[in-house]
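Please read them alongside the coordinates.

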Amino acid sequence: MKIWVDADACPAVIKEILFRAANRVQVPLTLIANQMLRVPPSPWIRALQVPSGFDVADQRIVEEAEAGDLVITADIPLAAQVIAKGARVLDPRGELLDANNIEERLTMRNFLDTLRGTGVETGGPAAFSAADRQTFANRLDGLLAKLSPRRL
């Protein structure tokens, strides 16, 4: 199992949780972004910079992710693509996306995108909170306990 992070929009506090988890359970963690990222020195953690461009980081994650991997992203189209490959997806707020709920999320995302395209103000997500951070950490720990060959 590997963890792939859509790092361009991932909150710093989530990256810190991921760094600690990767070292604790000794699972490879790769942050992919179109900008240079700092990561702590660790044999388990690396950052991969991809060229700038529309969805370049997303496409690299799709290429790299395999069945059984975990992808951290809030990008619904990216989530749908890696779920189709058998990967699991956890968004930065701790919501697990899978084959049971991704179609509904993709439909809602496309509907809201259409509304925005017609000029309707749809608002954005709520501010990232301490509760979101805790939910993410708890869900990540639960997933790693199930998926990782090494137990917590």
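1. Asp55 sits in the loop that joins strand S3 (45–49) to helix H2 (56–64), where helices (H or I, at least four residues) and strands (E, at least two) are DSSP runs numbered from the N terminus. Its phi is positive, at about 60 degrees, although Asp55 is not a glycine. With 31% relative accessibility, Asp55 counts as partly exposed, a class lying between buried (under 20% relative accessible area) and exposed (over 50%), for a 1.4 Å probe and protein chains only.

2. This is a predicted model, in which local features need pLDDT of at least 70 and side-chain atom pairs count only at pLDDT 80 or more, while totals for chains, interfaces and linings use all residues. Residues are numbered from 1 along each chain as its sequence is written, and side-chain values use heavy atoms, with hydrogens and water left out.

3. Gln26, in the loop between helix H1 (12–25) and strand S2 (29–33), also has a positive phi, near 55 degrees, and is a residue other than glycine. Gln26 is partly exposed, with a relative accessible area of 31%. As background, most residues other than glycine have a negative phi.

4. Within H2, the buried residues are Ala57, Asp58, Ile61 and Val62. Viewed down the axis of H2, these buried residues fall within an arc of 140 degrees, so they line one face of the helix; the arc is that of the directions from the helix axis to the C-beta atoms. The partners against which the buried residues of H2 pack are strand S1 (3–6), S2, strand S4 (70–72) and helix H3 (76–84), contact meaning heavy atoms within 4.5 Å.

5. How are H3 and H4 oriented relative to each other? Their axes come within 9 Å and cross at roughly 150 degrees, the axes being lines fitted to C-alpha atoms over the stretch in contact, with angles from 0 to 180 degrees between N-to-C directions. H3 and H4 are therefore roughly antiparallel, a label for angles over 145 degrees. On the H3 side, Ile76, Pro77, Ala79, Ala80 and Ile83 meet Ile102, Arg105, Leu106 and Arg109 of H4.

6. Asn101 belongs to the loop between strand S6 (96–97) and helix H4 (102–117), and at 19% relative accessibility Asn101 counts as buried. A polar atom of the Asn101 side chain lies 2.8 Å from the backbone nitrogen of Asp98. Leaving aside residues up to four places away in sequence, Asn101 touches Glu95 and Leu96.

Notes. A polar contact is a pair of N or O atoms within 3.5 Å; within protein, one must be able to donate a hydrogen and the other to accept it, and residues adjacent in sequence count only if both atoms are side-chain atoms. Angles under 35 degrees count as roughly parallel, over 145 as roughly antiparallel, 65 to 115 as roughly perpendicular and the rest as oblique.
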